[in-house]
Amino acid sequence: MQIYSSLTKLVLKNISTFQKQAYGATFRKDGLLLVAGDEDANVRLFDTSSKTVLRVFKGHKAPVHRTFFTTDFHHIASFCDDKTVKIWDIATEQFVNNFRNHEDYVRAGAINPVSENTILSGGYDQAIKMYDTRSDKCVMSINHGAPLESLVFLPTGGIFISAGGNDIKVWDAVAGGRQLTNISQHTKAVTCLQVSSDGRHLISGSLDRHVKFFNTTNYQMVHSLDYTNSILSLGIAKDNNTLVVGQVDGTLACLLYTSPSPRDRQKS
């Protein structure tokens with residue numbers, strides 16, 4: 001894993017403690033901790049300043065592709081190819097929830113930003129599952145219609161968005177998972193989603209080499225960027241000033257982010 005400066009675009013830290021591929025790294029909201037999964041079925045927790053491995057969570061039986069901190073800062077959610085979702089207690093290094101509701105790889109996940117007990121997962125079985133960690137149960141199941149690659153909540157926590165196949169779908173969590181709209185602006189599989197911290201824009205990346213911006217008021221596309229290679233990942237700074245795009249050839253493209261409109265242009 002490499003940590004870059006958003007100002008200089010230079011590598012600040014290189015973390016090389018993995019024996020095989022590292023996946024799905026995310027920062028805790030305060031930036032002090034970093035978590036990632038790996039090909040060896042482990043979940044690793046790092047101190048971002050010293051690069052020290054603080055915890056290694058063991059219990060999965062296949063590669064772990066997605067990891068997130070819960071909103072209470074004290075737990076980690078991991079999403080695995082062994083078809084399970086686990087919630088880990090950071091202090092004890094043990095899992096406190098083990099959800100086994102998928103029938104294929106689990107490659108997508110999201111944490112409700114206003115409810116520490118609500119978790120989403122998306123699998124290659126085309127299913128979106130919602131869990132309540134207090135009851136240890138799956139409380140909602142929805143068919144996206146294609147293998148899931150990415151899930152995100154809007155900041156209010158009442159709406160979530162899924163990406164799978166060429167389509168992006170918007171769901172009302174409060175109304176029991178009612179579909180609000182379907183976005184079909186990509187010509188190949190959508191691999192990643194992000195939402196700006198103010199909740200105004202949804203950003204998608206695809207194997208069709210495009211990053212597209214949508215207004216979350218009406219889900220109309222307001223801007224599109226074309227890249228040289230297929231898009232595998234997206235990241236946006238919490239102050240919305242930088243967008244980073246990861247491409248299939250291993251390159252990162254960094255640009256200044258402003259509220260997009262049809263008149264906006266890439267800044268750098």
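How many aromatic pairs does the structure hold? I found eight aromatic pairs. I note at the start that this is a predicted model, in which local features need pLDDT of at least 70 and side-chain atom pairs count only at pLDDT 80 or more, while totals for chains, interfaces and linings use all residues. Residues are numbered from 1 along each chain as its sequence is written, and side-chain values use heavy atoms, with hydrogens and water left out.

Entry 1, aromatic rings.
I counted rings of Phe, Tyr and Trp (its six-membered ring) as a pair if their centres lie within 6.5 Å; planes under 30 degrees apart are stacked, over 60 edge-to-face, and the rest tilted. I looked up phenylalanine 18 and phenylalanine 46: their ring centres are 5.7 Å apart and the planes stand at 50 degrees, so this pair is tilted. Phenylalanine 18 sits in the loop between strand E2 (11-14) and strand E3 (22-27), and phenylalanine 46 in strand E5 (residues 43-47), so the pair ties together parts 28 residues apart in sequence. Strands (E, at least two residues) and helices (H or I, at least four) are DSSP runs, numbered from the N terminus.

I then checked burial, where buried means under 20% relative accessible area, exposed over 50%, and partly exposed in between (1.4 Å probe, protein chains only). Phenylalanine 18 is buried at 12%, and phenylalanine 46 is buried at 0%.

I next took tryptophan 88 and phenylalanine 95, whose ring centres are 5.6 Å apart with planes at 90 degrees, so the pair is edge-to-face. Tryptophan 88 is buried at 1%, whereas phenylalanine 95 is partly exposed at 38%. Phe57, Trp88 and Phe95 make up one aromatic cluster. I also found lysine 86 over the face of phenylalanine 95, 4.2 Å from the ring centre. The test for a charge over a ring is NZ of Lys or CZ of Arg within 6 Å of the ring centre and within 35 degrees of the ring normal.

Entry 2, the sheet.
I traced an open sheet of four strands in the order E3-E4-E5-E6, with antiparallel pairing. E3 and strand E6 (53-57) are at the edges with a single partner strand each, so one side of each has no neighbour in the sheet. On average, neighbouring strands of this sheet are turned by 20 degrees against each other, direction ignored. Axes here are lines fitted to C-alpha atoms, for helices over the stretch in contact, and angles run from 0 to 180 degrees between N-to-C directions. Strand E4 (residues 33-38) and E5 run antiparallel and are joined by five bridges; two strands pair if DSSP finds at least two bridges between them. Leucine 33 stands opposite aspartate 47 in E5.

I listed eight salt bridges, each a side-chain nitrogen of Lys or Arg within 4 Å of a carboxyl oxygen of Asp or Glu. One of them joins arginine 134 to aspartate 132, at 3.0 Å from N to O. Arginine 134 is exposed at 65%, but aspartate 132 is buried at 16%.

Another joins arginine 178 to aspartate 172, with the closest N and O atoms 3.8 Å apart. Arginine 178 is partly exposed at 46%, and aspartate 172 is buried at 16%.

I also noted aspartate 226 with arginine 209, at 2.9 Å from N to O. This pair links distant parts of the chain, 17 residues apart: aspartate 226 in strand E22 (residues 221-226) and arginine 209 in the loop between strand E20 (201-206) and strand E21 (210-215). Aspartate 226 is partly exposed at 48%, and arginine 209 is partly exposed at 31%.
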